[in-house]
Amino acid sequence: MTSFPLRRKLAVLPFVLLLLGGAAACGGENSKTSCGVNSCTVTFDRGVDASASVLGVKAELVKVQGEMVTLKIGGQTVTVPVGDGQQSDGFDVSVQSVTKDHVVVKISHSG
């Protein structure tokens, strides 16, 4: 009977490591991230160089002009209107909000 609980623990281990690895993969400079398995929400600080490493790519806030936010996702530049979304190199990018201090963006794998 002791082998069954051990097998169960070994079966669950990859899933636990995946979740921990996904959380550890989020981070950045002048930004805050909240990541799940397939998507991350990034809050960029405005007025400074702000970037985050999420889902295996670097995301950077390039500029905000009115209701348009320009980001660089994995080296590709994309401009997204507030409240809308665009695709960029295999990622769905949507701008959730813009204030005088922050820009909140959701980045997720396409598909």
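Two strands are taken to pair if DSSP finds at least two bridges between them. Helices (H or I, at least four residues) and strands (E, at least two) are DSSP runs, numbered from the N terminus. The structure is a predicted model, in which local features need pLDDT of at least 70, side-chain atom pairs count only at pLDDT 80 or more, and totals for chains, interfaces and linings use all residues. Residues are numbered from 1 along each chain as its sequence is written, and side-chain values use heavy atoms, with hydrogens and water left out.

**Figure 1. Overview of the chain.** Of its 111 residues, 25% count as buried (under 20% relative accessible area; exposed is over 50% and partly exposed in between, with a 1.4 Å probe and protein chains only). The accessible surface comes to about 6,900 Å², and 55% of this surface belongs to carbon and sulfur atoms. These areas come from the Shrake-Rupley method with a 1.4 Å probe; for residues, only the protein chains shown count as cover. Among contacts (heavy atoms within 4.5 Å) between residues at least 6 apart in sequence, 28% join residues at least 24 apart.

Figure 2. Strand 5 (residues 57-65) pairs with strand 4 (residues 50-54) in the antiparallel sense, over five bridges. Strand 5 is also joined to strand 6 by six bridges, again running antiparallel. Ala59 of strand 5 is the bridge partner of Ala52, and Ala59 also stands opposite Ile73 in strand 6. The hairpin of strand 4 and strand 5 has two residues between the strands, and Leu55 takes a positive phi near 50 degrees there. In the hairpin of strand 5 and strand 6, which likewise has two residues between the strands, Gly66 takes a positive phi near 65 degrees.

**Figure 3. The surroundings of Thr70.** Thr70 lies in strand 6 (residues 68-73). With a relative accessible area of 8%, Thr70 is buried. Not counting residues up to four places away in sequence, Thr70 touches Glu60, Leu61, Val62, Lys63, Thr77, Val78 and Thr79. The side chains of Thr70 and Thr79 are joined by a polar contact of 3.1 Å. A polar contact is a pair of N or O atoms within 3.5 Å; within protein, one must be able to donate a hydrogen and the other to accept it, and residues adjacent in sequence count only if both atoms are side-chain atoms.

Figure 4. Five strands form an open sheet in the order 2-3-10-9-8, with antiparallel pairing. Strand 2 (31-35) and strand 8 (85-88) are the edge strands, each pairing on one side only. From one strand to the next, the twist averages 20 degrees; axes are lines fitted to C-alpha atoms, for helices over the stretch in contact, and angles run from 0 to 180 degrees between N-to-C directions. Strand 2 and strand 3 (residues 39-45) pair in the antiparallel sense over five bridges.

**Figure 5. The disulfide of Cys35 and Cys40.** With a disulfide defined as a pair of cysteine sulfur atoms within 2.5 Å, the count comes to one. The sulfur atoms of Cys35 and Cys40 are 2.1 Å apart in this disulfide. The torsion about their S-S bond is about 115 degrees, so the disulfide is right-handed. Cys35 stands opposite Cys40 in strand 3. Cys35 counts as partly exposed at 25% relative accessibility, whereas Cys40 is buried, with a relative accessible area of 1%.
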